[in-house]
Amino acid sequence: MDTKQLEGFLNLAETLNFSLTAQQLFVSQPTLSHQIKQLEKELGFELFKRTKREVELTKAGESFYEESRYLLEHLYKGVEKARHYSEVYDNRLVIAYENNSLVMLHLSDILERFHQKYPSIQVELNVTDHVRKDVLFKDEKVDILFTVKDKVTQLSQVAYQELYQGQYMCVLSPKHELAQKETLSFSDLQKQPLILLEPLRCPEEMKQMEQYIITACPNSPITYVDHQMTGCIMARGGLGIAIMPDFICVPDKHIATLPLEIKEKVSYGIVWRTKNVSQMVEDFVLLAKESYAFYCNYGTEF
């Protein structure tokens with residue numbers, strides 16, 4: 001199957017006239033007829049019912065028309081997009097990140113400075129999650145990964161630069177009896193409903209921390225959620241106290257966030273491959289370090 005066959009089929013499906021379609025496509029009628037027969041042979045079913053007087057789409061042809069119309073349209077758009085990039089850009093840098101407050105605060109600044117230095121580099125951004133990010137990086141689908149310190153940072157020929165140390169926070173409703181305190185301890189959390197991220201969605205460090213919380217609060221009922229946003233919504237609704245790193249707390253003036261009295265931190269940083277590393281990747285990492293260092297030195301609230 002090729003694009004000329006699809007073009008011929010789509011045009012004929014709309015005109016239902018071999019002669020008119022051949023004229024519009026600047027081919028002979030026998031050539032068009034041959035293309036349609038070849039397409040039907042490859043597909044294994046008839047697309048048109050033909051008589052001496054008329055041409056009509058079969059039910060299979062109607063179904064194939066709807067799907068192939070979008071297929072060819074996306075193909076042409078993809079070709080044009082690629083042609084544009086080939087004319088404008090010299091290279092590409094693919095970045096994956098988990099959506100959180102740190103990304104919102106820093107990434108646009110890093111990208112702006114990177115673009116000033118490398119205006120001919122196409123930057124592609126991909127929002128990912130804890131499960132998919134490791135696969136994307138291992139399969140070399142991305143060049144740069146913003147993530148918490150995790151298994152992917154332990155791969156061979158991989159470098160990890162810590163950019164920020166996150167503090168564990170307790171997220172709760174402002175109406176909660178503990179909301180007026182400055183910090184919360186494990187003794188405060190005893191018998192309180194706690195909201196934690198599902199273990200399968202947790203990086204190893206956070207998974208260990210959640211197990212520690214469960215052990216320290218044996219009489220606290222636990223609710224697991226699939227996303228930090230869900231935890232914040234439940235906490236705001238008074239359904240419990242969500243515990244998460246400060247940089248994944250959802251900014252909301254209607255919730256209270258109090259530091260958990262614990263020394264453990266969450267390491268957050270940038271990952272890249274050290275094998276045949278390019279100068280643009282090294283420069284991007286340097287810009288990320290500078291951006292985070294500036295905000296960390298002058299203080300940043302999440």
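**Close-up views of a predicted model**

**View 1. Glu40 in helix H3.** Glu40 counts as buried, because its relative accessibility is 10% (buried, under 20% relative accessible area; exposed, over 50%; partly exposed, in between; 1.4 Å probe, protein chains only). Glu40 belongs to helix H3, residues 29-43 (helices, H or I, of at least four residues and strands, E, of at least two are DSSP runs numbered from the N terminus). Beyond residues up to four places away in sequence, Glu40 touches Phe45, Glu46, Leu47, Phe48 and Arg50 (contact, heavy atoms within 4.5 Å). This is a predicted model, in which local features need pLDDT of at least 70, side-chain atom pairs count only at pLDDT 80 or more, and totals for chains, interfaces and linings use all residues. Residues are numbered from 1 along each chain as its sequence is written, and side-chain values use heavy atoms, with hydrogens and water left out.

**View 2. Asp143 in the loop between helix H6 (130-138) and strand E5 (144-148).** Asp143 has a relative accessible area of 25% and is therefore partly exposed. Apart from neighbours within four places in sequence, Asp143 contacts Arg92, Leu93, Val94, Phe137, Val271, Trp272 and Arg273.

View 3. Met206, Met209, Glu210 and Ile213 of H8 are buried. Viewed down the axis of H8, the buried residues fall within an arc of 100 degrees, so they line one face of the helix (the arc is that of the directions from the helix axis to the C-beta atoms). Gln208 and Thr215, on the other side of H8, are exposed. The cover over the buried residues of H8 includes strand E6 (158-172), helix H7 (186-189) and strand E11 (265-273).
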